[in-house]
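Dear colleague,

I am handing over the structure below, and after it you will find my notes on what turned up when I went through it. Please read them with the model open beside you.

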Amino acid sequence: VSFSFSFSSSFFSFLFCKMASMTCRCGKVGLEFTDTKPRVSTECCCSSCFNRVNFLAKKGGPALPADVNQPLLMSKWDNYVVVQKGREELFAYKLTNETLVVNIATKCCHTFMLGRHKGYDANCVTTSTDFPLFFDVDEDYRHASSRWFTDQWDPQRLKSQQKLVGIWVDESKDDKPLIGDDGFEDILKRQLESVQREIIIKKEGGETFDAILESLGGNIVIVSESEK
Ligand SMILES: [Zn+2]
Ligand SMILES: [Zn+2]
């Protein structure tokens, strides 16, 4: 029997490669992404990234990294996620009434699942990548290309960490531009391009972050100061 191929290699890798997925710590909730690795991963030192997982840790969720000088890892994926199981365990919350960042975590084991900043995240959702469990994901998914909001930390704290270009907001200027260490411009440009890239839908059944929120009844818990 002879036949010829007319499919591209990427079509084949789509057919035969599993897409990356993740579960909460107890395994009740499963989400699948549309690629084998994030569009981009970055480290973050900002207090909201820490507070949103600290809120969960205080409720019995996964502990923060043992090294208190370790920034948290954030990964950006297509804003098109398949809820494989456990939707009824999801809930939404945000740290203040005004914030543009909405988070989704699990009630079963208080694992952070997805976050999204309507502006910055463009066509993406964000995972706080230290907390859920990942499957079928490319090895280098934890490879961060920059470290955000290093200005919020004493530089001593980062001495023992890998070297990464820092990026932060210049609060002294009226238009609050993003600035950073030497060479931040190119890295920032590539990151912005990758979060803004259109989503190519390769499979059925995915949902946007907002559609998942809506399926939870649109209810968003506002975290009180004492819970952070
Ligand atoms: Zn769970
Ligand atoms: Zn952050």
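Glu 98 is exposed, with a relative accessible area of 63%, where buried means under 20% relative accessible area, exposed over 50% and partly exposed in between (1.4 Å probe, protein chains only). Its place is in the loop between strand S6 (90–94) and strand S7, the helices (H or I, at least four residues) and strands (E, at least two) being DSSP runs numbered from the N terminus. From Glu 98 to Trp 77 the C-alpha to C-alpha distance is 24 Å, for a separation of 21 residues in sequence.

Before going further, please note that this is a predicted model, in which local features need pLDDT of at least 70 and side-chain atom pairs count only at pLDDT 80 or more, while totals for chains, interfaces and linings use all residues. Residues are numbered from 1 along each chain as its sequence is written, chains are lettered from A and ligands numbered from 1 in the order in which they are written, and side-chain values use heavy atoms, with hydrogens and water left out.

Cys 24 lies in the loop between strand S1 (21–23) and S2, and Cys 109 in the loop between strand S7 (101–106) and strand S8 (112–117), so the pair ties together parts that are 85 residues apart in sequence. Cys 24 is buried at 0% relative accessibility, and Cys 109 is buried at 11%.

As for disulfides, taken as pairs of cysteine sulfur atoms within 2.5 Å, the count comes to 0.

The largest nonpolar core has 28 residues, and Cys 44, Leu 56, Leu 72, Tyr 93 and Phe 149 have the most contacts inside it; such a core is a set of buried Ala, Val, Leu, Ile, Met, Phe, Trp, Tyr and Cys residues joined through side-chain atoms within 4.5 Å. Helix H2 (47–58) is one of the elements that give two or more residues to this core, and its 5 residues are the largest share.

With best wishes
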